[in-house]
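Welcome! Have the picture ready and try each task before reading on.

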Amino acid sequence: AFHWLGRYEPQFAAAQRAVELATRQKAPFVRARALRLLGAAYWRLGDLDQGLETLAEARDLYTGGGHLKGEADVERMIGILQFEQGRLWEAKANYDRAASLYATLGNRRSEARALTNKALVLELQGDLDATIEVTRRALELFRQSQDPVAELITLVNLGEPLMVQGRLDEAQAVFDAALERVAEVDRFEAWTLYRLSDLLVLRGDLSAATARLDQALQIQEDNQDQLGWAESTSRLAGIRRMQGQMNEAMRLIEEALPVLEQRGTPGSYSAALRRYGECLTSRGDLERARSVLEQALKVQLNQSAQAGRSYTEVSLAEVLISLGEVDEAEELVRRALTDFAVRQAPILQAGGHRLLAEIAIARGDGEVAGSEIDAAETLLSGHDGPLMKLRTGLTAERVRAMDSAGGRHEALQHLLAEATSRGFLEVELEIRMAIGAGFLAQGDQVGGSARLGGVIAEAALHGLGRIEAEARSVASQH
């Protein structure tokens, strides 16, 4: 009872007494159960080493007595503690043993739970194909055991690796099914909605993503769910940044950060720090952005936050490119690219190659820039990632402008129309800046100055200091 109520100190004391009593009475299975509860109390109180030692003793008792269910439960719990220590391979082996034992017993629900634990390990190890396969197996077992709540949670978790691999139509189908389960079980609606918003952003539908987040925020406010509210608010801040609404973006992320620092997971807090760093980058506060992103990387040394580390490395590399520190930026991008390749994440890989092209442009190396942008465009072909396609298209035109004054005006106009229609104001202004630079390169001082002046004014209006500074720099060079 103490365990389910979250009262772990009374649980610890009660379990200790139970272990002593069972030992005196020479009741091995009762002692094993008490040891399992004692191990769980050690875990909740933060003593993982003692928890593992206690659980190993419980496992030996269950194994010696042929009590498969008890053995399986302890194997899974040992895996959970090993996972928290970052011992992923050992945790996965324990989850495998637990799942096998549950399968022998025909306990589908418990087998599915062990498989979902294993899937999280596989995701952190970068094996997304196996993650998806194992999660789909768990999903089927939850369906067979008629557990719609667990099915809903598993559906939403399946969406993440599908998104990372650029399989956005499959991810959409998964979220559609999840929303059907939400209507059935009347639970986890806000959580499902804010996770769905990530997919909608990837698809370039900022209006739909905002609408889903607004729904989630209303539910979270009604339920006084402060942590969920902070998760949704952090995501909304990222959208506002893309839309060029920097004052709103900064207000939102600065409200969300303290909550996530105090109550969130290392993963959710570091993701919010990354969004904060990106907001500061857009505002042109590059040194502060650098500091925040480096702080995010330190948080992501925690095992449960490792999956987001490569995203942060890319965001930090963008800052370093703007600061002219291209060697350090290249090191970060190449490290992130290795991770993205392992994960088979084409949209993210394309983003890495785009940044390598930008680094080559900064070095004046058109040949390398062209090779990198070709790699990015190849990776994006056949995938639905509008924002990355826009950024890659803009970089491609910057590469081509190295060989021909001004680049291709028609191609830039096409990109501009796409960015404007989707509401990506930050990218829209970058494209307009490239168009203005093209006019200047072709000797049209009046046309170029007028276009750059417009970019400078609008960037200043929206608090997009990085673009304002870059546009002023381009204008001053001519």
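**Exercise 1.** Leaving aside neighbours within four places in sequence, find the residues in contact with Leu273.

*Solution.* Contact here means heavy atoms within 4.5 Å. With those neighbours set aside, Leu273 touches Leu257, Val292, Leu293, Gln295, Ala296 and Val299.

Next, look at the core around it. Leu273 is among the residues with the most contacts inside the largest nonpolar core, which has 102 residues. A nonpolar core is a set of buried Ala, Val, Leu, Ile, Met, Phe, Trp, Tyr and Cys residues joined through side-chain atoms within 4.5 Å; buried means under 20% relative accessible area, with a 1.4 Å probe and protein chains only. Another core, of 25 residues, lies apart from this one and includes Tyr42, Ala58, Ile78 and Leu81.

A word on the source: this is a predicted model, where local features need pLDDT of at least 70 and side-chain atom pairs count only at pLDDT 80 or more, while totals for chains, interfaces and linings use all residues. Residues are numbered from 1 along each chain as its sequence is written, and side-chain values use heavy atoms, leaving out hydrogens and water.

**Exercise 2.** Describe the whole chain: how many helices and strands are there?

*Solution.* Count the DSSP runs, numbered from the N terminus: helices are H or I with at least four residues, strands are E with at least two. The chain has 25 helices and zero strands. Then take its extent: the C-alpha trace spans about 95 × 45 × 40 Å along its principal axes. Finally, 54% of the 478 residues count as buried.

**Exercise 3.** Work out how H5 and H6 are oriented to each other.

*Solution.* Start with the axes, lines fitted to C-alpha atoms over the stretch in contact, with angles from 0 to 180 degrees between N-to-C directions. Those of H5 (residues 68–84) and H6 (residues 88–105) come within 8 Å and cross at roughly 160°. H5 and H6 are therefore roughly antiparallel, a label for angles over 145 degrees.

Now find Ile78, a member of the 25-residue core: Ile78 is also one of the H5 residues that meet H6. The residues of this contact divide into twelve nonpolar, four polar and seven charged. Asp, Glu, Lys and Arg count as charged, Ala, Val, Leu, Ile, Met, Phe, Trp, Tyr, Cys and Pro as nonpolar, and the others, Gly among them, as polar.

How values were computed
Parallel < 35°, antiparallel > 145°, perpendicular 65-115°, else oblique. Buried < 20%, exposed > 50% of the residue type's maximum accessible area, 1.4 Å probe, protein only.
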